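Visitor: Could you show me how to read the features of a model like this one?
Guide: Gladly; let us look at it together.

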Amino acid sequence: MSQSHIAILDDEPEIRRMLADALEEAGYRVTTFARATEFEAALNRATPDVCLVDLGLPDRDGLAVVHRLALESGAAIIIISGRAQVQDRVTGLELGADDYIIKPFEPAEVVARVRARLRKGRSDAAPKAPQVARFNGWRAEFDRYVLVADDGSETPFSHAEGEVLRMFLDSPKRLISRAQMQETLGGAAGESFDRAMDVRISRLRTKLREDPRNPRLIKTIYGAGYIFLGEVTWG
């Protein structure tokens, strides 16, 4: 099996060196970048398996980099940032990040989070796993990260939004609790995770053209979780 490729985008040399040493020792192939322009140019040649992205970059807004990555690549995205406010974490997850690690951190934690994302990715990409689901006038294409409407219009969704959507489509008409979501999607339970899930579900409802006051497909069961009410066919 080939080595998983991890890309690090951070303008602090010590951070890049520390993370690269820890990840290489864990058996990963690592490429580091100090500037977003270099990082994005490299993405045109090859997409890493996991991208570690700092938000405080000298030449680009880190959140804009995260959002573009989420829309245009299938890489898992982990933000590494000194911004510790809940709203910063929620915004990062809303824009498509899969995880958010606050500086300062222990390299071992980052390695563990990377390993968890790669395990999740391998699970999602199991042999013969279907990549297209049809439901209620929509087609979700997980290989391209797009929703296709009956009229042929396409709406992209992020890797993080796709995880939530796939969870619903895999278990239609079944209650999915917050605890189940946390166990399936990973991340630390708590206010930050709950708010991030609320944001992702809100964005999915918007992309599915749902009435926010009376959604047809993704129903909130207050105090319990969510139920997806669509008729789903895979393949």
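Guide: Let us start with helix H6: 11 of its 12 residues are buried, so H6 is largely enclosed by the rest of the structure. Buried means under 20% relative accessible area, exposed over 50%, and partly exposed in between (1.4 Å probe, protein chains only). Helices (H or I, at least four residues) and strands (E, at least two) are DSSP runs, numbered from the N terminus. This is a predicted model, in which local features need pLDDT of at least 70 and side-chain atom pairs count only at pLDDT 80 or more, while totals for chains, interfaces and linings use all residues. Residues are numbered from 1 along each chain as its sequence is written, and side-chain values use heavy atoms, leaving out hydrogens and water.

Visitor: Which residues of H6 are buried?

Guide: Among them are His159, Glu161, Arg166 and Phe168.

Visitor: What should the 12 residues of H6 span?

Guide: The expected span of a helix is 1.5 Å times one less than its number of residues. For H6, residues 159-170, that gives 16 Å, and the end C-alpha atoms are 16 Å apart, which agrees.

Visitor: How do I read a nonpolar core?

Guide: In soluble globular proteins, nonpolar side chains tend to be buried together. A nonpolar core here is a set of buried Ala, Val, Leu, Ile, Met, Phe, Trp, Tyr and Cys residues joined through side-chain atoms within 4.5 Å. The largest one has 49 residues, of which Phe135, Phe168 and Ile218 touch the most other members. A second, separate core of 20 residues includes Ile15 and Ala76.

Visitor: Which residues is phenylalanine 168 in contact with, leaving aside neighbours within four places in sequence?

Guide: Contact means heavy atoms within 4.5 Å. Phenylalanine 168 meets Ile176, Ile201, Ile218, Tyr226 and Phe228 in this way. Phe168 also forms one aromatic cluster with Phe135, Tyr226 and Phe228.

Visitor: How many aromatic pairs does the structure hold?

Guide: Rings of Phe, Tyr and Trp (its six-membered ring) pair if their centres lie within 6.5 Å; planes under 30 degrees apart count as stacked, over 60 as edge-to-face and the rest as tilted. The structure holds 7 such pairs. For phenylalanine 142 and phenylalanine 157, the ring centres are 5.6 Å apart and the planes at 65°, so this pair is edge-to-face. Phenylalanine 142 sits in the loop between strands E7 and E8, and phenylalanine 157 in the loop between strand E9 and H6, 15 residues apart. Both phenylalanine 142 and phenylalanine 157 are buried.
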